[in-house]
Amino acid sequence: MALNTTATGTLSDEMKTFYDRTLLTRTVPKLIHTKFGQTKTIPQHAGRIIEFRKFSALAVATTPLTEGALFTALKDLTVTATTATVAQYGDAVGFSDLVSTTTIDPLLTEASEILGEQAGETIDEIVRDVVAAGTTVLYASTAVSRVTVGAAMTATPADIQRIALQMELNRARKIDGYWQAITHPRVIYDLMRTQEWRDAQNYHQSGRIFTGEVGQLYGVKFWTSDKAKLFADAGVGATVDVYTILVFGQEAFGVVNLSGHNLQTVFQPLGSAGTADPLKVNSTMGWKATFGVKRLQEAFMLRYEAATSTGAN
């Protein structure tokens, strides 16, 4: 029985590059929750854990200096450290030899696009769930907890002012001139119907660069995703869906990659399994990625919770 050589189990560099690019083309647009994280990379052979270090601010110095006197009241810098650990994620699809040879569509290209979309949504959802568990929270209207969010308690410009105030009080530094916010299209719909939102967009329209954001209000720039965090049936009477606005300042959270193990395509062609597939009937294509996410500064991120006027509940 003839065995396949290792050469039959690999793609040419040109085809590998093509499928990787196809995968990334579908992945990147889905990575909305990773946009505002502090990105770090762990070098190869340096383990799976990375340390983020934070220096505490110094108290103001209001005591006048004494003329001619040697200054001896030196301060110590205080540093705290937190760690993040990377993990590996991935998935794959399989094809029979008949499917591979009889399908009308360009199967591997289609597969890499579908896998890329899945990879993006997977990574985005993992990051979303970590940052959505932050401890700085505001609720719509008069609600004081998630279970007290009523069906009529939708997002309002007044609440966006409260968000901006809280971020200001927490000394959260802006990213590119704004606190960046991710929310659901249903939440934006409610805000867009207000005169304050329309006035703000008219003011910012001149010279505006359209890069995916949907608008700004009171120093908060909004991005939408249908994958924005939603707590189903979590409001009043366990019948109201609670939607979120996740707001970020600089260095609110970190996303960690492992060098050499970023998102990649893995293709195993017919015959690559050797004696495990003696009739060469199966091939597979998949993706894998190694990364981690960590909240770094709870005060620099905020979760706002509200109902929507168009939700099913």
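Six helices and 14 strands make up the secondary structure of the protein, where helices (H or I, at least four residues) and strands (E, at least two) are DSSP runs numbered from the N terminus. This is a predicted model, in which local features need pLDDT of at least 70 and side-chain atom pairs count only at pLDDT 80 or more, while totals for chains, interfaces and linings use all residues. Residues are numbered from 1 along each chain as its sequence is written, and side-chain values use heavy atoms, with hydrogens and water left out.

Of the 313 residues in the protein, 38% are buried; buried here means under 20% relative accessible area, exposed means over 50%, and partly exposed is in between (1.4 Å probe, protein chains only). The protein exposes about 17,400 Å², with carbon and sulfur atoms supplying 54% of that area; accessible areas come from the Shrake-Rupley method with a 1.4 Å probe, and for residues only the protein chains shown count as cover. As for contacts (heavy atoms within 4.5 Å), residues 24 or more positions apart account for 80% of those with a separation of 6 or more.

Now for some individual residues. Thr-22 belongs to helix α1, residues 13-27, and counts as buried because its relative accessible area is 10%. Leaving aside residues up to four places away in sequence, Thr-22 touches Thr-109, Ser-112 and Glu-113.

Trp-179 lies in strand β6, residues 179-183, and is buried too, with a relative accessible area of 2%. Trp-179 and Phe-300 are 121 residues apart in sequence, yet their C-alpha atoms are 9.4 Å apart in space. The charged end of Lys-174 sits over the ring of Trp-179, 4.5 Å from its centre; for this, NZ of Lys or CZ of Arg must be within 6 Å of the ring centre and within 35 degrees of the ring normal. Arg-146 does likewise with Phe-231, its charged end sitting over the ring 3.5 Å from the centre.

Rings also meet other rings. There are five aromatic pairs, counted when ring centres of Phe, Tyr and Trp (its six-membered ring) lie within 6.5 Å. One aromatic cluster is formed by Phe-36, Trp-223, Phe-248 and Phe-253.

On the surface, Phe-55, Leu-58, Leu-77 and Val-79 form a nonpolar patch with about 410 Å² of accessible area together. Leu-58, in the loop between β2 (49-55) and β3 (79-85), counts as exposed because its relative accessibility is 54%. Patches are made of residues with over 30% relative accessible area and no salt bridge, with like charges joined within 9 Å and nonpolar side chains (Val, Leu, Ile, Met, Phe, Trp, Tyr) within 5 Å; a salt bridge is a side-chain nitrogen of Lys or Arg within 4 Å of a carboxyl oxygen of Asp or Glu.

How values were computed:
Phe/Tyr/Trp six-rings, centres within 6.5 Å; stacked < 30°, edge-to-face > 60°.
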